[in-house]
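Please look over the sequence and the structure first.

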Amino acid sequence: MFADQYLPTLRGFESHYGYYQGCKDYFDHTYAAEPEYWGLDWRRNLILLRNEINLYSSDLFAQEAVNIINKHNTSEPQFLYLPHQAVHSGNTEGDPLQAPQHFVDQFPHSYLYHRRLFAEMLAAFDDAVGAVVNTLKARGMYDNTVIVFTTDNGGPSNGFDANAANNFPLRGVKATQWEGGVRGVGFIASPLLNQTGYVSNHMLHVCDWLPTLYEAAGGDPTKMSNLDGSSEWQSLSHNQHGNRQEILHNIDPSGTGQMDLRVGDYKIVVGDIGMAWSDWYPP
């Protein structure tokens, strides 16, 4: 967001609702990077919003998504990118895990403190996802919809960011290039899939999503130029082996030599790719 042309509404999105930074408070929507950099970070398009303090972000995102779906002209296609804040840690001052009180009351006090907060945040998130799915069904859109649910990285476990995520039995945590940091889970839900109810362990890289979803929507990904990814729609839809056999996780051009490459079942790592958090952290 360092320049206007990189903001969502200037890069093809019809609307944007949310924040610019990597985290924030779930209720007052402020961001605290350092003591000298603190302030409100909550916007609709390019306008700063000051009247939604004390409203929980998972509820606000769900409400916004439901409104967009309800107003949509169903004769036209729709792409909705809905990156929830949950279950990311908020500001590090105070308690970065936050949940509404009515969810706090649902979980037993015998839980470890941060695991309980994490579960409460996840429950609120689950309700928000359910609201979106129910709205798609109510509008008759679900049967022609592809829902992709995915994470952006491994969890910050073992006290990292005061979170309560867990990557076991994978090694490492978020912000490392061990498998616990770079491997994520996700799922696809759609009546358009030819086969469902199975678990795929095939390799897929984030850059494969663009051509994959383009093909799912009826486009021809071979006509898209200069792509780093390839469409995996057929492999995912039919539970077949995919096209991808390798993933280049990182090449650091600054000269520090931090690199790693996955090819098949093998992975080569070079340099300090997260040695401070390189252990296997059990539940």
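Which residue of strand 9 stands opposite isoleucine 251? The residue is methionine 259. The model is a predicted one.

## The 8-9-10 sheet

Three strands form an open sheet in the order 8-9-10, paired antiparallel. Strand 8 and strand 10 stand at the edges. Each has a single partner strand, so one side of each lacks a neighbour in the sheet. Neighbouring strands here are turned by 5° against each other on average, direction ignored.

Strand 8 pairs with strand 9 over 5 bridges, in the antiparallel sense. Along this pairing, glutamate 246 stands opposite valine 263 of strand 9. Strand 9 also pairs with strand 10, again antiparallel and over 5 bridges. There, leucine 261 has isoleucine 268 of strand 10 as its bridge partner. The hairpin of strand 9 and strand 10 has 2 residues between the strands. In this hairpin, glycine 264 takes a positive phi near 60°.

## Two faces of strand 9

In a regular strand, side chains alternate between the two faces of the sheet. Strand 9 spans residues 259-263. Its covered face holds Asp260 and Arg262. Its uncovered face holds Met259, Leu261 and Val263.

Methionine 259 has 32% relative accessibility and therefore counts as partly exposed. It belongs to a nonpolar surface patch of about 420 Å², together with Leu248, Ile251, Ile268 and Val270. Strand 8 (246-251) and strand 10 (266-270) each give two or more residues to the patch.

## Salt bridges

The structure holds 8 salt bridges. One of them joins aspartate 260 and lysine 267, at 3.9 Å from N to O. Aspartate 260 is buried, because its relative accessibility is 2%. Lysine 267 is partly exposed, with a relative accessible area of 26%.

Another salt bridge links arginine 183 to glutamate 179, with the closest N and O atoms 2.8 Å apart. Arginine 183 is partly exposed at 42% relative accessible area. Glutamate 179 is buried at 16%. A network of salt bridges links Glu179, Arg183, Asp260, Arg262 and Lys267.

## A link between loops

Aspartate 208 forms a salt bridge with arginine 244, the closest N and O atoms being 2.7 Å apart. Aspartate 208 lies in the loop between strand 7 (186-189) and helix 5 (209-216). Arginine 244 lies in the loop between helix 6 (233-238) and strand 8. The pair therefore ties together parts that are 36 residues apart in sequence.

Are these two residues buried or exposed? Aspartate 208 is buried, at 0% relative accessibility. Arginine 244 is buried too, with a relative accessible area of 17%.

## The 1-4-5 sheet

Another open sheet of 3 strands has the order 1-4-5, with antiparallel pairing. Strand 1 (17-18) and strand 5 (47-48) stand at its edges. Each has a single partner strand, so one side of each is left without a neighbour in the sheet. Strand 1 is joined to strand 4 (residues 43-44) by 2 bridges. Tyrosine 17 has arginine 44 of strand 4 as its bridge partner.

## The nonpolar core

The largest nonpolar core has 14 residues. Tyr26, Tyr56, Ala99 and Met121 have the most contacts inside it. Helix 2 (101-104) and helix 3 (113-138) each supply at least two residues of this core. Helix 3 gives the largest share, 6 residues.

Notes
Residues are numbered from 1 along each chain as its sequence is written. This is a predicted model: local features need pLDDT of at least 70, side-chain atom pairs count only at pLDDT 80 or more; totals for chains, interfaces and linings use all residues. Side-chain values use heavy atoms; hydrogens and water are left out. Patches are made of residues with over 30% relative accessible area and no salt bridge: like charges are joined within 9 Å, nonpolar side chains (Val, Leu, Ile, Met, Phe, Trp, Tyr) within 5 Å. Accessible areas come from the Shrake-Rupley method with a 1.4 Å probe; for residues, only the protein chains shown count as cover. A salt bridge is a side-chain nitrogen of Lys or Arg within 4 Å of a carboxyl oxygen of Asp or Glu. Helices (H or I, at least four residues) and strands (E, at least two) are DSSP runs, numbered from the N terminus. Buried means under 20% relative accessible area, exposed over 50%, partly exposed in between (1.4 Å probe, protein chains only). Two strands pair if DSSP finds at least two bridges between them. Axes are lines fitted to C-alpha atoms, for helices over the stretch in contact, and angles run from 0 to 180 degrees between N-to-C directions. A nonpolar core is a set of buried Ala, Val, Leu, Ile, Met, Phe, Trp, Tyr and Cys residues joined through side-chain atoms within 4.5 Å.
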